[in-house]
Amino acid sequence: MLTFHIAPWVLPILGSALMLGIYDISKKQAVKDNSVLPVLFWATAIGSIFFLLLTLIRGNFVSCFMQYDTAFLPVLLKSVIVGSSWICIYYAMRELPISIGAPIGATSPLWVFIGGFFLYHEVPNLWQGIAMFLIFAGYYLFSILGKLEGFSLKNLKGIPLILLGTIITACSALYDKYLLGVIRIPPDTVQFWFSIDIIFVLGLAVLIRQKNFGEHHTFRWTLAIPLTGVLMALADICYFYAVSLPDTPISMLSLLRRSNCIVAFVAGSIWFHERNQWKKAVALVLVLLGVAMLTLFK
């Protein structure tokens, strides 16, 4: 029997999706004609400091720090995974229209779904399966519409980079389920140590890049850089809370979070004046319908 029910993880993950959508706009603006790795490093460092200050204000700083023995190494691995993903995605976003790059990045739930099925035995019911199919179909249409913009795997380096970053992002989501749902590290502790570790991981990447390859773009400071970091921190707060809730299905949660491409679609139309938006709207409708079904039907 079809029933309507909003699971407790839905609202925080939709909040995370909204923050991610605005984050995509800010990120696109930050890397435009800019040196990618310094932008990524400073945005992440500012976001990490913002979260650590929130932890201090909320009185959780000492308790999170004291869990060093159990959290440091597992979260360090997460930082390496996420850092690798972000490097690929930031470089890709400098090359791609936001209304193409963000939806392609949003296909990561497909890989999360496959991983969630095999690793965590997550099997959707009929209505959830239909909703997931609609979302997958919308994401696929978004990706192939890149050809209308003149982009293809053969002539643009941004496409392979964002595909690689997307697959690594899916691995990160599956690992989050392990950290928060299996070995039960508290979400604040995960984000606390991630905020510290990711600074060192990306800082090392900047040093390696500058020493061995140099930079083809000059680094420019813009207000979009700190805004990007703060938005990422806020999106992660909502995300980690949702993942930590009991019986949260990581495959469906990942799908809803990637509805951030809706915000990117609107931004591509209004802010960046990108083409073929009416054709992309068909894909957007499929995503919205799937999100609504996944949110309400149980």
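**Exercise 1.** Among contacts in the protein between residues at least 6 apart in sequence, what percentage join residues at least 24 apart?

*Solution.* Start with the term: a contact means heavy atoms within 4.5 Å. With that in hand, 90% of these contacts join residues at least 24 apart.

A quick note on what you're looking at: this is a predicted model, where local features need pLDDT of at least 70, side-chain atom pairs count only at pLDDT 80 or more, and totals for chains, interfaces and linings use all residues. Residues are numbered from 1 along each chain as its sequence is written, and side-chain values use heavy atoms, with hydrogens and water left out.

**Exercise 2.** Find which helix has the lowest mean pLDDT and which has the highest.

*Solution.* First, pLDDT is the predictor's confidence in each residue, from 0 to 100. Next, the elements: there are 13 helices and 0 strands, taken as DSSP runs (helices H or I, at least four residues; strands E, at least two) numbered from the N terminus. Helix α5 (residues 98-105) comes out lowest at 66, while helix α2 (residues 36-57) is highest at 94. The protein averages 81.

**Exercise 3.** Work out how helices α1 and α4 are arranged.

*Solution.* The axes of α1 (residues 10-31) and α4 (residues 68-95) come within 9 Å and cross at roughly 75 degrees. Angles of 65 to 115 degrees count as roughly perpendicular, so α1 and α4 are roughly perpendicular to each other. Who touches whom? Tyr-23, Lys-27, Lys-28 and Val-31 of α1 meet Ile-89, Tyr-90, Met-93 and Arg-94 of α4.

Conventions:
Axes fitted to C-alpha atoms, helices over the stretch in contact; angles between N-to-C directions. Parallel < 35°, antiparallel > 145°, perpendicular 65-115°, else oblique.
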